[in-house]
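The sequence and the structure come first.

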Amino acid sequence: MLDTVAEIVATLSLIAGGLLCFSAGLGVVRFQDVFLRMHAATKAGTLGLMFIVLALCVVLPETDAIIKAILVAVFMVMTAPIASHLIGRAAFRTRSPFWEGTKVDQGCEVFRAAQQRLPTDGRD
């Protein structure tokens, strides 16, 4: 009975993780600008990986496999937001164009204008 429940949980987790990773890839291909693409890749990709790690922990209940899977998940959770932030910051600073449907905050435009007036020393 327990093996059947574990197999069902692992199967559902793998399907959910696969669908989320597929939607992350689809979002990277189909979305219109850098900001939308990085959001799709970061959010759906990280959650998809969590489901896949859950399935791995259910299928391989050995301590070393679970520790390695948890370390992979923690690494992804720690690095994905930082990478996404840096990509977004670089895109914003290089004035990457927004998708025409994007609503721009007025403070954002004020910041961009002020940033253009500041002298730079080449260390952005």
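A residue counts as buried when its relative accessible area is under 20%, as exposed when that area is over 50%, and as partly exposed in between. By this criterion, buried residues make up 23% of the 124 residues in the protein. The model is a predicted one, and its secondary structure consists of four helices and zero strands, which follow the pattern α-α-α-α along the sequence. The accessible surface comes to about 9,000 Å², and carbon and sulfur atoms hold 70% of that area. Among the contacts with a separation of 6 or more, 60% are between residues 24 or more positions apart.

| Helix | Residues |
|---|---|
| H2 | residues 34-59 |
| H3 | residues 63-93 |

Helix H2 has 26 residues, which at 1.5 Å a residue should span 38 Å, and the distance of 37 Å between its end C-alpha atoms agrees with that expectation. Buried positions in H2 are Phe-35, Met-38, Ala-40, Thr-42, Ala-44 and Gly-45, together with Thr-46, Gly-48, Val-53, Ala-55 and Cys-57.

Two packed helices are described by the angle between their axes and the distance between the axes. How do the axes of H2 and H3 cross? They come within 10 Å and cross at roughly 180°; because angles over 145 degrees count as roughly antiparallel, H2 is roughly antiparallel to H3. The residues of the contact of H2 with H3 comprise 20 nonpolar and five polar residues, with no charged ones.

Technical notes:
Residues numbered from 1 in each chain as written. Predicted model: local features only at pLDDT ≥ 70, side-chain atom pairs only at ≥ 80, totals over all residues. Heavy atoms only, no water. Helix = DSSP H or I, 4+ residues; strand = E, 2+ residues; numbered from the N terminus. Buried < 20%, exposed > 50% of the residue type's maximum accessible area, 1.4 Å probe, protein only. Contact = heavy atoms within 4.5 Å. Areas by Shrake-Rupley, 256 points an atom, 1.4 Å probe, with all protein chains shown as cover. Expected span 1.5 Å × (residues − 1). Axes fitted to C-alpha atoms, helices over the stretch in contact; angles between N-to-C directions. Parallel < 35°, antiparallel > 145°, perpendicular 65-115°, else oblique. Nonpolar A, V, L, I, M, F, W, Y, C, P; charged D, E, K, R; others polar.
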